[in-house]
Amino acid sequence: MKLDVIKLDGGKAGSIDLDEALFGLEPRADILHRVVRWQRAKSQAGTHSTLTRAEVSYSTKKIYRQKGTGGARHGSKKAPIFRHGGVVKGPTPRSHAHDLPKKFRALGLRHALSAKAKAGELVIVDSLALAEAKTAILAKTVQERGWKRVLIIDGSDIDANFALAARNIEGIDVLPTIGANVYDILKRDTLVITKAGVEALEARLK
């Protein structure tokens, strides 16, 4: 699969042969769905909590005598039927993470890359190197390219000037190759990968 390579300023920088095993698959929604569910479940805080009748702060004194009131028999004000009483079988802090095989996760990443390539939302750039870390200059460049919601993937290291310039621009995410993931790829409208990023992805997913 052949794709044109551009410079950040929009100029041509040749072309690149992309691995069909990474960028030429027929995207499967079921695989992408399973990987995204795994990612979102793993990132869920799981801090939800309620107080049981053992944890509610109330006196343990019997609220009224057992017999002769004409009402139902009650002991503790902590009982679930009373207002501010304990909660029965409420949520407790826990991890929502579940297992997903490593090979399946890698397959999901290949399908996400292929989905962007098939939709025409994949852009290959020569390099992210900037002479100086100027947000205004990068913002103008991004606007000229028409990138509104974009994920940019570089090689193992991101150019320091580019990272500084990009961090205050809305709609731009920058990740090293090791951070590339299905959810972030699908969430953005455009996927931009450097030549170094392509090489690192091919090495990672072989």
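I looked up R188 and found it buried, because its relative accessible area is 13% and the cut-off for buried is under 20%. The model is a predicted one. I placed R188 in the loop between α6 (182-187) and β6 (190-194). I then listed what R188 touches, not counting residues up to four places away in sequence: K116, R149, V150, L151, G171 and D173.

Next I checked confidence. The protein chain averages a pLDDT of 94, and 100% of the residues score at least 70. I noted the lowest confidence in strand β2 (residues 12-17), with a mean of 90. The highest is in α2, at 97.

I turned to the domains. The protein chain is divided into domain 1, which takes in 2-45 and 97-205, and domain 2, which takes in 50-90. I noted a distance of 56 Å between the C-alpha centres of domain 1 and domain 2.

I went on to the loop between α2 (29-43) and α3 (102-118), where I found V87. Is V87 buried, exposed or partly exposed? I put V87 down as partly exposed, because its relative accessible area is 38%, and that class runs between 20% and 50%. Leaving aside neighbours within four places in sequence, I found V87 in contact with T50, L51 and T52. I also took the distance from V87 to D4: the two are 83 residues apart in sequence and 61 Å apart in space, C-alpha to C-alpha.

I looked at two other residues of the loop between α2 and α3, H84 and K89. H84 is not a glycine, yet I read a positive phi of about 70 degrees for it. H84 counts as exposed, because its relative accessibility is 51% and the cut-off is over 50%. For K89, also a residue other than glycine, I read a positive phi near 55 degrees. K89 counts as exposed too, at 83% relative accessibility.

Last, I looked at how α2 and α3 pack. I noted an angle of about 120 degrees, with the axes 9 Å apart. The crossing of α2 and α3 is left-handed. Which residues make the contact? From α2 I listed I31, L32, R34, V35 and W38, and from α3 I listed F104, R105, L107, G108, H111 and A112. I sorted the residues of this contact into seven nonpolar, two polar and two charged.

Notes
Residues numbered from 1 in each chain as written. Predicted model: local features only at pLDDT ≥ 70, side-chain atom pairs only at ≥ 80, totals over all residues. Heavy atoms only, no water. Helix = DSSP H or I, 4+ residues; strand = E, 2+ residues; numbered from the N terminus. Buried < 20%, exposed > 50% of the residue type's maximum accessible area, 1.4 Å probe, protein only. Contact = heavy atoms within 4.5 Å. Domains from an automatic or database assignment. Axes fitted to C-alpha atoms, helices over the stretch in contact; angles between N-to-C directions. Left-handed = near helix turned anticlockwise from the far one by under 90°. Nonpolar A, V, L, I, M, F, W, Y, C, P; charged D, E, K, R; others polar. pLDDT = per-residue confidence, 0-100.
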